[in-house]
Amino acid sequence: MLGFIIQNNIVCNAVEAMLFTSIACAVLGVIITQINISSIGFTMAHAAFAGAAVGMFLGVSATLVAVAFSLAVALLLGPLSDRAKISTDTALGVLFGMSMAVAIFFIAYMQHIGRGFNATALLFGDVISLYRHEVYGLAVISVLAVLFVVLFYKEISAIVFNRKIAEASGIRVTPIYYGMLFIIAIAVALSLNIIGGLLLYVWLVTPAAIAYQFCYSVRSMFVVAPLIAAAISVAGAVAGLEFSLPVAPLTAVALGGVFMAAVILSPKRRITDSKS
Amino acid sequence: MSCNGEIICLENIYTAYEGAAYPVIRGISLAIRQGEYAIVGGPNGAGKTTLLESINGMLTITHGNAYVCGMDVRRHGHEIRRKVGYVVQSFYFDPLTPFTAEEVITMGRYGLMGLLKRPGEADYRAAEAAIRLLGLEDIAHKPIGTLSGGQQQKVLIAQNIAKEPELMLLDEPFSNLDLCTREFVSGVLRELSRKGIAVVMVCHAFDGLPDERIRILVMRDGSLCLDETCDPDLVEAKVRRASVVQ
């Protein structure tokens, strides 16, 4: 897709992957941060990680099983928090622990039976060894995430404002909420190889947190967050590959730095000097 | 009791929370006509909020029959909530929350529109009318989190007025309002009821009531212990007397 600008296939794949991942995660991140379920990031990431471990153990596509596990968490999360009458955050904590246990079990078992399992790429990301179809998958999920927000913007904004008030006003909260979890699950699972389970959280939270420092409406956050994430991610990918540095950690650090600067520069915390 | 076109018709309803040993609402029967103005009183924990949320279908009615706006609450809760305004009791908005008062008021229309539809001219007109009615023009473009508790409460009332409901349920809408604003909002609600919108309000402050006969419903331990219509200056004494355990 960007081959006409970037001649090198590896760099092109890496830049495209970072671009699409950052757009999908940042758009979904606005919803995640605004409804205070940031822990969904690492829960989904670790579910995908557990899925990848199971996939490798079974000798089938790690990505497909990672997607399946993330979707399973998405399917469980809503009913679990509704039925068990616990907060979404508590339900996420339970599922996070369960996912980690499954991942550790299979990694330990594979080591025990002499089938080595290198989890580095899944934990920290690897933009070099990407297949073309993985990049297409990310392109599709980033388009899906944007479409989801565009089509259901009014429902999403009402839920973000206050879930109970949204429900009382006659909005069908549950299908929208579950739809959102479904898209987050796929986005997280597909992004796992690129930015890694441990760093994915940064893309789901930080761009939205940066946008929040400057935006006075959710609409503008949905535009600013992916733009910031895309710009820093593409720059991070190019710089990382140019100077042989690990791309995902480098970009995560850059996002963190921009967040710090945003907090300092944010007009929202400025106290007026005016007396009138 | 049989339903004859009342906006609310409850027949011996029970409502229980999941896991609770006893139902919170026990055997309430109630009929409210269009345009009626009713106040729900009673001690804390009597089930007043639960009654409102049973009426709009947010809580599950376990026994009895309930019809609101001509629909069975147990089967059509979602459709009922599109026609019923509900001003919640407790709310907290982060000072930096990225929504202006005007956006929040327009949200009152979102449920009516249905999926995949954008707010149109009629929706913005209804929101503007609600802003004018509640006198919120000066704060309409301010983030809701930066407003005072009273202003936020007025915004939530305006949000539900913008919805153009057939029935308005309000849970302690005066709790954050000063005396003058209380009288003003009470007048707005009275006007709504004159236009045929039934108003059912949980209330503990009776100093801003309209100067007309008012129906009072007093709850105790999940049941209705008083249902009568009286002059506004008698409301407080009657609610107080009925609320005390005999």
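1. Contacts across the sequence. In this predicted model, residues 24 or more positions apart account for 66% of the contacts in chain B with a separation of 6 or more. Buried residues make up 56% of the 246 residues of the chain.

2. Overall composition and dimensions. Chain B contains eight helices and ten strands. Its radius of gyration is 18 Å, close to the 18 Å that the globule rule gives for 246 residues, so chain B is as compact as a globular protein of that length. The C-alpha trace spans about 50 × 40 × 35 Å along its principal axes.

3. Strand S8. Strand S8 of chain B covers residues 198-202, and five of the five are buried, so the strand is largely enclosed by the rest of the structure. The burial applies to both faces: Ala198(B), Val200(B) and Val202(B) lie on one side, with Val199(B) and Met201(B) on the other.

4. Partners of S8. Two parallel pairings involving S8(B) deserve mention. With strand S3 (residues 37-41) of chain B, the pairing is parallel over four bridges, and Val40(B) stands opposite Val202(B) of S8(B). With strand S7 (residues 167-171) of chain B, the pairing is likewise parallel, over five bridges; here Met168(B) has Val199(B) of S8(B) as its bridge partner. The chain passes from S7(B) to S8(B) through helix H7 (residues 179-194) of chain B, in a right-handed β-α-β crossover.

5. Geometry and ends of H7. The 16 residues of H7(B), at 1.5 Å a residue, should span 22 Å, and the end C-alpha atoms are 23 Å apart, which agrees. After the helix comes Gly196(B), with a positive phi near 105°.

6. Packing of H7. The buried residues of H7(B) include Val185(B), Val188(B), Leu189(B) and Leu192(B), and also Thr181(B), Arg182(B), Ser186(B), Arg190(B) and Ser193(B). The buried residues of this helix pack against S3, S7 and S8 of chain B, and against helix H5 (121-133) and helix H6 (149-162) of that chain.

7. The antiparallel sheet. Four strands of chain B form an open sheet with antiparallel pairing, in the order S2-S1-S4-S5. Strand S2 (25-32) and strand S5 (71-72) of chain B stand at the edges, each with a single partner strand, so one side of each is left without a neighbour in the sheet. Strand S1 (residues 8-15) of chain B is joined to S2(B) by five bridges in the antiparallel sense, and Thr15(B) has Ile25(B) of S2(B) as its bridge partner.

8. Two residues other than glycine have a positive phi and may be listed here. Asn12(B), with phi near 50°, is found in strand S1 of chain B. Asn12(B) is partly exposed, with a relative accessible area of 41%. Leu116(B), with phi near 65°, is found in the loop between helix H4 (110-113) and H5 of chain B. Leu116(B) has a relative accessible area of 54%; because the cut-off for exposed is over 50%, Leu116(B) is classed as exposed.

Methods:
Residues are numbered from 1 along each chain as its sequence is written. Chains are lettered from A and ligands numbered from 1 in the order in which they are written. This is a predicted model: local features need pLDDT of at least 70, side-chain atom pairs count only at pLDDT 80 or more; totals for chains, interfaces and linings use all residues. Side-chain values use heavy atoms; hydrogens and water are left out. Buried means under 20% relative accessible area, exposed over 50%, partly exposed in between (1.4 Å probe, protein chains only). Two strands pair if DSSP finds at least two bridges between them. A crossover is right-handed if, with the strands pointing away from the viewer, the path from the first strand over the helix to the second runs clockwise. The expected span of a helix is 1.5 Å times one less than its number of residues. Contact means heavy atoms within 4.5 Å. The radius of gyration is taken over C-alpha atoms; the globule rule is 2.2 Å times the number of residues to the power 0.38.
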